[in-house]
Amino acid sequence: MMESLFLLKRIWWCCVFILPWSTIEAQIRYTIPEELREGSVVGNVAKDLGLDVSKIIDRNLQIASETGKHYFAIDVEKGDLIVNKRIDRESLCGYNVPCVLPLQAVLENPLQMHRVEIEVQDINDNTPNFKSNERILNIPESINSGAKFLLESAIDSDVQFNSLKLYSLSNNDHFVLNVKTQDAVKIPELVLKKHLDREKEAVHKLILTAADGGNPVRTGTCEITVVVLDINDNAPEFEKTFYETVVDENEPSHKEIIRVKAIDLDEGLNGDIEYFFADQTSETALFNIDQQTGVITIKGQLDHEKAKTHKFDIIAKDKGNPQMEGHCSIKINVNDVNDNAPDIIITSLSSPIPENSSNGTVVSLISTKDADLGGNGEVKLTLVPGIPFRLNLTVSNHYALVTNGPLDRETYTEYKIDLKAVDAGSPPLSSEKTVTIGISDVNDNSPIFTEKSYTVYAKENSPHDSVLCSVSAYDPDLGKNAKISYSILDSKVQDVPVSSYIYINSENGSVFNMQSFDYEKVKVFQILVQAKDHGSPSLSSNATVHVFILDQNDNAPAVIYPSTSMGSVTHQRMPRSAKAGHLVTKVTAVDADSGHNAWLFYRLAEATDASLFSVNLHTGEVRTKRAVSEQDDSSQRLLIEIKDNGEPIQSTTVTVDILLEDGFHEPISDYRLKTTEDKNKTGKITLYLIISLVMVSVLCLLTFCTLIVKCVKNSIGSSSCCVRRANSGYKNPNRNLQIQLNTDGPIKYVEVLGGDMMSQSQSFGSYLSPMSEFSDLTLVNPSSTTNFTDTLNVLDASLPDSAWTFESQQVSE
């Protein structure tokens, strides 16, 4: 019947008292009895916290215990808090009431924490127990009625109404039981009510029963054997039956904390007293008593956090025969001192976190704990300043570590956050803990080229698939966010897609040519290279590559006068009356190349009579070396070779047949005879020459002004280039402004060349007939250098020793 009542009571506890106690400051409290079966439901945490049951799986609802023991778990399907293992209230809280287990309900996405308290109530699961089941009392027969003898107290681990309630003694004729209460502890005493007579009964057997207040009642017993002794009829008596003192927990060993004293009215050995701990006293490991003086000293290390008080009994024995004893009780209160440093507990930690996390993002949940009491247990948690994180106090001694500023993985890949907890004791104690927060990468950096622009010099006629240069970019991000692919953006060179000329290795940025370049067609062009990372979304940046084509000597001189369009031989006439120095003809050739490759030299390779004619090395003028004689052949053939100044040398030849005639008059002779009539024509030529010189002067002045402005700009700030030279000997990529005049006699040729590498060259040329020293002035309009019929326009170098040249260096930005 009693067992059925107990079972009903336990079920009633589970069903009725499992109720939320409060929700103040996000706290929930449940009350349960101890010893619940595993799987028993404590309460629906999700419902009491106002959570949607369907979302607790996604938010990973967990229960964390500050004790480190997982007595409870969460049913994620229902949101119920269930018992995970057996709970013994006595092992958790001892005699402390109430017995509360603090828990934390932790939710993720976002991180949240709620405090849950479980009050464990006692059930009557412990029987009162005596440390010893037997007690022997030696009582002299001469002792008077009313004498009291201390009995051992029973121990019941239960609390409140389940704790020890009463003692009872078996029926007998000589003793009764007296129970006194001292410091809330019931102490049984055996009281002699009738004089003992050893001769009638030497030994008395008694049963002491201890009963608790539970339902059903539990009991424990101790057998008391009273041995009736003769003689020594006075027992020692203490000055006080109860001693109490206070001692700090950090007191050193061997320090005297209390002194007890007993008096025995007997004399001699019967009155000689020694002091001992009572049997089964557990405090002998912490305290020591001097048997002669009764001084109690500290033997071990006291700890207020383990035990706030210590209670034990002291017995004083005389040396009589039979031996007599007296007793007293000792209570030592242990004072708390600040001897425990606070603990820092990391409840939850999210690492790594993205570098673009917004301000206030919760990174970690942290709590503090101090075993000391009062001010010694009050803890303040701080972190080292100067980092983009801060602490937010949530509930008592619980903090949230949140972001407090922008994060940049490229600057700091991780943060080691030093936490410091300091209590309010005197002196204060502290502890430190480092939390490492990793920063994960996001694609927030565009690729960066090592140079803003690149300048490349490539030889014409170089083989295809040659490496022109390599562009390089880097990305401070990580992984695919830092992986770069290179490409060339669509553009055109002379209406032709740049992809027809150039391609790029998408992985390493090497730029290759897809065909050989022709300087005479394309002198300069630019391409736009893009570096793009593989992030999502991807980021990119551009750089400009300027490609300058370097001229090679790949064009032979072309003869433009005398014309050989009707055949390979040109025919000229001259009078037999010609004197030495007579201008027979002038060979004019051009070279489509530029610079030194276009400098031309003329020589007489073969002649019918080499003594009669000579060819000017630089102008190509064919003159007589001597006067024509009657013996000279009337038909003279000259083979004139024209060579350029390139490497290797290119050359061409022209054959001139000269017919010597009698009575042949050149137009120049008639003109000389009519100088008076042609004054207007001469003035016209002079005017044209003056205009040309004025134009040249103006161009020179403009060039000087441009150079001065650009030099000033370059002195303020200049950009650097990564140059891959296809020809180390070519040092000037810019075109020259040039003026060319012949100086060996009357002016027959004036040429003005201008332009830069970024545009098509233009030229203005004036020519006089090579057959005469006077003729009409002809101006040639500007034309593209790509038209070979107008190749005179691309001459950009003067003759080395016969032509006057003015050259102005053009500097490109």
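These exercises walk through cores, salt bridges and a surface patch in a predicted model.

**Exercise 1. The largest core**

Find which residues of the largest nonpolar core touch the most other members.

Solution. 
- Start with the membership. The largest nonpolar core has 28 residues.
- Pick out the residues that touch the most other members. They are Phe449, Ile502, Phe525, Ile527 and Val545.
- Now look at the strands. S33 (453-459), S34 (467-470), S36 (484-488), S39 (502-504), S41 (524-533) and S42 (540-550) each give this core at least two residues.
- Turn to a second core. It is separate, has 27 residues, and includes Leu36, Val45, Leu51 and Leu101.

**Exercise 2. Around Phe525**

List what Phe525 is in contact with, leaving aside neighbours within four places in sequence.

Solution. 
- Phe525 is in contact with Val493, Val498, Tyr501, Ile502 and Phe517, among others.
- Check against the core. Ile502 and Val545 are, like Phe525, among the residues that touch the most other core members.

**Exercise 3. Two salt bridges across the chain**

Locate the salt-bridge partners of Glu119 and Arg135, and place each pair in the chain.

Solution. 
- Take Glu119. Its salt bridge is with Arg29, and the closest N and O atoms are 3.4 Å apart.
- Glu119 sits in strand S7 (residues 112-121) and Arg29 in strand S1 (residues 27-33), 90 residues apart.
- Check burial. Glu119 and Arg29 are both buried.
- Take Arg135. Its salt bridge is with Glu325, with the closest N and O atoms 3.5 Å apart.
- Arg135 is in strand S8 (residues 134-140) and Glu325 in strand S23 (residues 325-335), 190 residues apart.
- Classify Glu325. Its relative accessible area is 35%, so Glu325 is partly exposed.

**Exercise 4. Is Asp88 buried or exposed?**

Solution. 
- Find the partner. Arg86 forms a salt bridge with Asp88, the closest N and O atoms being 3.9 Å apart.
- Read the area. Asp88 has a relative accessible area of 18%.
- Apply the cut-off. Buried means under 20%, so Asp88 is buried.

**Exercise 5. A nonpolar patch**

Identify the residues of the surface patch that includes Val694.

Solution. 
- Name the members. Ile690, Val694, Val698, Leu699 and Leu702 form this nonpolar patch.
- Note the area. Together they have about 410 Å² of accessible area.
- Classify Val694. Its relative accessible area is 47%, so Val694 is partly exposed.

Conventions:
Residues are numbered from 1 along each chain as its sequence is written. This is a predicted model: local features need pLDDT of at least 70, side-chain atom pairs count only at pLDDT 80 or more; totals for chains, interfaces and linings use all residues. Side-chain values use heavy atoms; hydrogens and water are left out. Patches are made of residues with over 30% relative accessible area and no salt bridge: like charges are joined within 9 Å, nonpolar side chains (Val, Leu, Ile, Met, Phe, Trp, Tyr) within 5 Å. Accessible areas come from the Shrake-Rupley method with a 1.4 Å probe; for residues, only the protein chains shown count as cover. A salt bridge is a side-chain nitrogen of Lys or Arg within 4 Å of a carboxyl oxygen of Asp or Glu. Buried means under 20% relative accessible area, exposed over 50%, partly exposed in between (1.4 Å probe, protein chains only). A nonpolar core is a set of buried Ala, Val, Leu, Ile, Met, Phe, Trp, Tyr and Cys residues joined through side-chain atoms within 4.5 Å. Helices (H or I, at least four residues) and strands (E, at least two) are DSSP runs, numbered from the N terminus. Contact means heavy atoms within 4.5 Å.
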